[in-house]
Amino acid sequence: MAAHQKRDKIIAGSSVAVAIIITVLLIGFIFPGVDDGTIGQGVEEPDRMVSVIQFEPGNINSVIEITGRVLATDRVELFSEVQGRFSSGTHSFRTGIRFNRGDTLARIDDTEQRLALISQRSRFLTSLSGVLSTLKLDYPNLYESWARYTDQFDPERSVQQVPEVNNRQARLFLTSRGIYEQYYSIRSAEARLEKFTIVAPFNGELQEADLDPGALVQPGVRLGEFTGNRYELESFISLRDLPFINVGDDVQMTSATLGQTWSGSILRIGSGIDENTQSLPLYAELNGSSMRDGLYLEGTIRGQTLENSVEIPRNLLTRNNTILVVEDGQATHKRVEPLLFKKE
């Protein structure tokens, strides 16, 4: 037992000695100056050659990049305000069909409403005839104008403005006979009859047709959407770039799909801030043909001139708004004031 313990002690001591020797050799390999007492004194860094870019301050035209979609300026959603059988107008009620201003987009059967209106006008004519004799005896100065109005009255045509009455007693007499009540009831019915015919308010195209001719429609039913031939660009501008642009600034937009370019100017800038992007809506008028509703465009705004400024690559700017500059042969950080950021 004693011999074994003695042998174990000899082996353990030998292992520690070997480990110390290996450690010393490694230190000597990594730090070759260990044998001459240079450990901890550091190693001199050699001078390095770096590439620098020279910039001269001057005036720079601010160019702000934007993207957006083309929207039709004239856009009308078509709804039915009355009930009846739906039918086409001047042309077929189909998506993509173009109409001129004043063309009938669609019709709703108005037969019942129109006949009821003619009946109202006929009753009004009867009432007019009944008051002429009293007007001739009691108000002779009003008789001629009302007699002429009654003679020209046609139940098949729209009612005309009734003659003016300044005499208070005469006006009360006509009111008691229901003349004014019937007159305004007819005017209301005529206005409602016009809603059975939907007319194009401008030159344009039927973008959406939700119903087919022959369908029975109810008040409030959507019929489709009609858009005009004028367009504008809807984009967004960040709060950071807002101080450099104004209404009227030039805009140039390009479509990568069509390979065409359009020029224009800023029409208006909205005041509502988007909570997620912290940007404002911007609208620009574009000149040129081949515009399409929903077309995606990319382009730039030519904004204000930045004086005494320098344009540098964006990757040279640190998060603390500093850049590395060379002064007296040494590199040092210098704080700058960023005015405008571009993509690069």
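Which element gives the largest share of the lining of the second largest pocket? The views below include the reply. This is a predicted model, where local features need pLDDT of at least 70, side-chain atom pairs count only at pLDDT 80 or more, and totals for chains, interfaces and linings use all residues. Residues are numbered from 1 along each chain as its sequence is written, and side-chain values use heavy atoms, without hydrogens and water.

**View 1. The second largest pocket has a volume of about 300 Å³.** A pocket is an open set of points on a 1 Å grid over the protein atoms alone, where a 1.4 Å probe fits, with protein on both sides within 12 Å along at least five of seven lines. Lining residues have an atom within 4 Å of a point. Volume is the space filled by probe spheres set on the points, which are joined across faces, edges and corners. β1 supplies the largest share of this lining, five residues. Of the 15 lining residues, I64, E65, I66, S238 and D241 lie nearest the centre.

**View 2. The largest pocket has a volume of about 1400 Å³.** Its lining has 39 residues, with F55, I312, L316, I323 and V325 nearest the centre. β15 gives the largest share, five residues.

**View 3. Four strands form an open antiparallel sheet in the order β2-β9-β7-β4.** Strands are DSSP runs (E, at least two residues), numbered from the N terminus. Two strands pair if DSSP finds at least two bridges between them. β2 (75–79) and β4 (98–99) stand at the edges with a single partner each, so one side of each lacks a neighbour in the sheet. β2 pairs with β9 (residues 222–228) over five bridges. R75 has T227 of β9 as its bridge partner.
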